[in-house]
Amino acid sequence: AQRSLVLVKPDGVRRGLSGEILRRIEAKGYTLVAVELRSATPELLAAHYAEHEGKPFYGPLVEFMLSGPVLAVVIEGQRCIEGFRSLAGATDPTVAAPGTIRGDLGRDWGVAVQQNLVHGSDSEESAAREIGIWFTS
Ligand code: GTP
Ligand code: MG
């Protein structure tokens, strides 16, 4: 079955929303394959966010992702990559649809990077790459 790498970002962990986010993933019918609370490192984030290097929000994004622990999760299920991104909602939490994780639980906090609670892989290629980054000990 398809797998995806989900992160509960530091804002989600800090706000005590890890359980609510895992609940939504399980309620949708996806399986939790691995769950680990861990602190990111600059090296790990450079690999994870390689596609965004050089963009204006890259520095603030890395700083934000280092601001506290992250819950790294591997989920599994038919079309779970597309399915989780649908559960997560649009990148900007202000306009993410109600019913989605970002739309229901997120907002704009007036800081340099969008703090939008979760990450989800955007393709099978990304998922394989990201699972390797977060779950290779
Ligand atoms: P992820 O699941 O986290 O990858 O989110 P995404 O795929 O919806 O967004 P994308 O990969 O394009 O960007 C990664 C992260 O960078 C986002 O989740 C935001 O936290 C941040 N980000 C992306 N675009 C912007 C932007 O235009 N402005 C700001 N301030 N932050 C952004
Ligand atoms: Mg992305």
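# Strands, a helix and a ligand shell

User: Which residue in β3 does L5 stand opposite?

Analyst: L5 stands opposite V74 in β3. Helices (H or I, at least four residues) and strands (E, at least two) are DSSP runs, numbered from the N terminus.

User: What kind of model is this?

Analyst: This is a predicted model: local features need pLDDT of at least 70, side-chain atom pairs count only at pLDDT 80 or more, and totals for chains, interfaces and linings use all residues. Residues are numbered from 1 along each chain as its sequence is written, while chains are lettered from A and ligands numbered from 1 in the order in which they are written.

User: What is the mean pLDDT of the chain?

Analyst: The mean is 97, and 99% of the residues reach 70 or more. pLDDT is the predictor's confidence in each residue, from 0 to 100. For the complex, the predictor gives an ipTM of 0.90 and a pTM of 0.96.

User: Back to the strands. In which sense do β1 and β3 pair?

Analyst: Antiparallel, over 6 bridges. Two strands pair if DSSP finds at least two bridges between them.

User: How many bridges join β1 to β4?

Analyst: 3 bridges, and these strands run antiparallel. There, V8 has V118 of β4 as its bridge partner.

User: And β2 with β3? How many bridges?

Analyst: 7 bridges, again in the antiparallel sense. V35 stands opposite V73 in β3.

User: Why is β1 called largely enclosed?

Analyst: Because 6 of its 6 residues are buried, β1 is largely enclosed by the rest of the structure. Buried needs 20 or more other C-beta atoms within 10 Å of a residue's own; 12 or fewer is exposed, and in between is partly exposed, with C-beta atoms placed from the backbone.

User: Which residues sit on each side of β1?

Analyst: R3, L5 and L7 are on one side, with S4, V6 and V8 on the other. Both faces are covered.

User: How many residues of β3 are buried?

Analyst: 6 of its 7, so to speak mostly covered.

User: Now helix α5. Which of its residues are buried?

Analyst: In α5 (residues 80-88), the buried ones are C80, I81, F84, L87 and A88. They fall within an arc of 125° seen down the helix axis, so they line one face of α5. The arc is that of the directions from the helix axis to the C-beta atoms.

User: What do they pack against?

Analyst: The buried residues of α5 pack against β1 (3-8), α2 (18-28), β3 (70-76), α6 (101-105), β4 (118-120) and α7 (124-134). Contact here takes C-beta atoms, placed from the backbone, within 7 Å.

User: Zoom in on F84. Which residues does it touch?

Analyst: F84 touches S4, V6, I25, I75 and G120, not counting residues up to four places away in sequence. F84 is buried, with 26 other C-beta atoms within 10 Å.

User: What follows α5?

Analyst: G89, whose phi is positive, near 90°.

User: Which residue other than glycine has a positive phi near 60°?

Analyst: R79. Most residues other than glycine have a negative phi. R79 lies in the loop between β3 and α5 and counts as exposed, with 12 C-beta neighbours inside 10 Å. L117 also has a positive phi, of about 75°, although it is not a glycine.

User: Is L117 buried or exposed?

Analyst: L117 counts as buried, with 27 C-beta neighbours inside 10 Å. Its place is in the loop between α6 and β4.

User: Where is G110?

Analyst: G110 is in the loop between α6 and β4. G110 is exposed, with 5 other C-beta atoms within 10 Å.

User: Last topic. Which residues surround ligand 1?

Analyst: H52, F57, L61, T91, V113, Q114, N116, H119, G120 and D122. A residue counts as near if its C-beta atom, placed from the backbone, lies within 6 Å of the molecule.

User: How does that shell split by class?

Analyst: The shell around ligand 1 has 3 nonpolar, 6 polar and 1 charged residues. Ala, Val, Leu, Ile, Met, Phe, Trp, Tyr, Cys and Pro count as nonpolar, Asp, Glu, Lys and Arg as charged, and the others, Gly among them, as polar.

Technical notes
Contact = placed C-beta atoms within 7 Å.
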